[in-house]
Amino acid sequence: MSAVIFEGVSKKFRRGERHDSLRDLVPSLVKRAMRGAPDRTALADQEFWAVKDMSFKVGAGEALGIIGPNGAGKSTTLKLLTKILRPTKGRIEINGRVGALIEVAAGFHPDLTGRENVYLQGAIMGMPRAEIARKFDAIVDFSGVQDFIDTPVKRYSSGMNARLGFAIAAHLDPDVLIIDEVLSVGDVGFQEKCVTRMRELLGRGIPLVFVSHNLSAVVQLCTRAILVDRGAVQFDGRPAEAVAEFRKARRDNPAASGASADKPMAITGVQLLQADGESSPLFTTGKPMTIRVGYEAREPIHKPHVAIDIHGVDGVYCAGINTRMDDCSLGTLEGRGFVDLAISKLALLPGCYTISAGILDPQGLRPLDLQERAFPFSVVSDRRDFGFVYLEHQWTHGHGVDARPVRLEARLSPRPARSLAAVAVQEELG
Amino acid sequence: MSILMEVVAEQWEYRELLVRMTARDLLLRYKQTVMGFGWAIFMPLVNTAIFSVIFTRVAAIDVGTPYPVYAFCGLVAWNFFASSLRFSVTSLTSNPSLVTKVYFPREIFPFSAVLVSIVDFAVSSLVLVALMLYYRVEVGWPLLMLPVVVLAIIVFTAATALVISMANLFYRDVKYLFEIVIAVWMFATSVVYPIGRVGGKLGAVLALNPMTHLIDAFRAVLLDQRMPGMAFHLTFAASILMLAGAWVMFHLAEFDFAENL
């Protein structure tokens, strides 16, 4: 049984301002009386579909990511999920108590103390008083605002406010968890606590819906993702593929500039090629990847260098390779051409990365052209390791002092998200 | 009918939130005002003093009981009704972050406004008891009907609260209109003088005012040792139907609230 079912759901909105005074009621009633009741499913003047014929399901233990550009219908979908909006058409079924980590402090009243607000917000989220009382210490502990729990919330910083709200939400025992960009709350330590809590719920088989612009978080947390655009599901599948699809959809290659008078040499483009020479934004851990840097030189450039950097989406510097360090000479370049960097085994774990490409002068000091973090790609794999780098490895085991080590074979069942590794380990141990 | 069962069941499920929201408003009043519940007593007392001067000195009328008790009794009941509605009318529009961002039955807003006023009602009733003791008003068996009469007043108030809170969400004019209506309505009800004295065609129209029958019944059981008459029972029955209808209507419109706020 699916915990969340969206079946042909559509939601209509109207553009422009709606006047909420009686002055407008009379004309609209007259219009209605003349024309009869309007057809709910047809679009009237100024109306548009924020969500159109959307269908998806989320089952137990699944973490569904929803990604898409601004105005794609993500927020509307979220509001439909949390019952704040009712669909114009279609059916939404949600089995069990919904825990929404959205506007976690919406019920806070500034004049009430933290303690009073915990009880109030808890009740708003559907927690009985006895349950809040039981979890109160844990909530306060999680939020880290112990010292201010009897201070009115109006004296809290916005971070404290959000942390306390999130702590309450995190202690709900929902049947379905819905999250909207909560990872932006608090400092790194607090974010880690949040992610741990989410994984814990996921591990218990509680389905999760995660709406985010943080593509890296979606790839890491989710087992499946849908790409939403213009109110409809454009892609449904593995998170990394959905992210790749998203990027393909809005491909605006910023590097398509040529050389000019003040720029004697320029990068004309960067292509990412798979083993078969096909251009792709999607690569696999341990498989080949070729980065092709196209250039154009207006005048002969003597021995320039090409540099390539790879960054994780959250800014981690994963690798930096250039021809100067490798002591490769490109000779004198003029006109158009390309330089290939062939990576035989891509040692990156699943996630989203970006490539920066640069052409440097012979001394390797001054860039002639630099395209910073302009070329994104995603990595997928069955590997369940943590971190960014895949280290080829082998486990062996020697039982006793003089025993001959025995090789242990790794069993790689396809598991969609590496972040579930912790859960998987628990399953295997228990 | 099934919708009604559904909404009542849902409200029951969220009963703790209703209590919490009421407690929030009471707590806030305590924190934000120096007088706290004192205001619940102060207002009807001042009004009683004013009307006592008018109707015992300027235009003396005979109401059968000492006038201050008569007026205070009417004002306590009326103030409950009027202040419930005054809180209700903006209860949805003044909580936009909750209405547009979190789901729970929206009735909780007008209902908690009514509950807050019930607390005020209880507090000012203590003063009423003191006045009754002072003027040596005797009570008899009809007093046993008091809970039924109070329930009828609450039912009618809750039904009206649902309608006006919803109406104000869709049309903000309601808030202004409300102030005028409530002022006129008070003098069209047996609050500070018996409306039966009006007579004629206007009197016939005013007899349709449900609040008159409710407040008359309230006074009958408290001050006159009389059982409430037929008019009260009809009003009670109509109030129950009104509440059922208003609740269903509110529920059907509820999902459009977030879009219209």
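**Entry 1**

I began at R136 of chain B, which sits just after α6(B) and takes a positive phi of about 50°.

Helix α6 of chain B covers residues 108–134, which is 27 residues.

**Entry 1: chain B as a whole**

Next I listed the elements of chain B. I found 12 helices and zero strands. Reading along the sequence, I wrote the pattern down as α-α-α-α-α-α-α-α-α-α-α-α. I then checked the radius of gyration of chain B, which is 19 Å; the globule rule gives 18 Å for 261 residues, and the two values are close, so chain B is as compact as a globular protein of that length.

I also looked up the extent of the C-alpha trace of chain B, which spans about 55 × 45 × 35 Å along its principal axes. How much of chain B is buried? Buried residues make up 41% of its 261 residues.

**Entry 2: where chain A meets chain B**

I turned to the contacts between the two chains. In chain A, 23 residues are in contact with 23 residues of chain B. Which elements of chain A give two or more residues to this side? They are α1 (22–35) and α3 (114–124) of chain A. The largest share, five residues, comes from α3(A).

I sorted the side of chain A that touches chain B by class, too, and got 12 nonpolar, four polar and seven charged residues.

I finished with confidence. Chain A has a mean pLDDT of 80, and 84% of its residues reach 70 or more. Where in chain A is confidence lowest, and where is it highest? It is lowest in helix α9 (residues 421–429) of chain A, at a mean of 35, and highest in helix α4 (residues 129–143) of chain A, at 91.

I marked two stretches of chain A with care. Over residues 252–256 of chain A the pLDDT is below 50, and this stretch has eight contacts beyond near neighbours in sequence. Over residues 414–430 of chain A pLDDT stays under 50, and the model has 29 contacts there beyond four places in sequence. A reminder to myself: where pLDDT is low, the predicted coordinates should not be read in detail.

Definitions and conventions: Residues numbered from 1 in each chain as written. Chains lettered and ligands numbered in written order. Predicted model: local features only at pLDDT ≥ 70, side-chain atom pairs only at ≥ 80, totals over all residues. Helix = DSSP H or I, 4+ residues; strand = E, 2+ residues; numbered from the N terminus. Rg over C-alpha atoms; globule rule 2.2 N^0.38 Å. Buried ≥ 20, exposed ≤ 12 C-beta atoms within 10 Å, placed from the backbone. Expected span 1.5 Å × (residues − 1). Contact = placed C-beta atoms within 7 Å. Nonpolar A, V, L, I, M, F, W, Y, C, P; charged D, E, K, R; others polar. pLDDT = per-residue confidence, 0-100.
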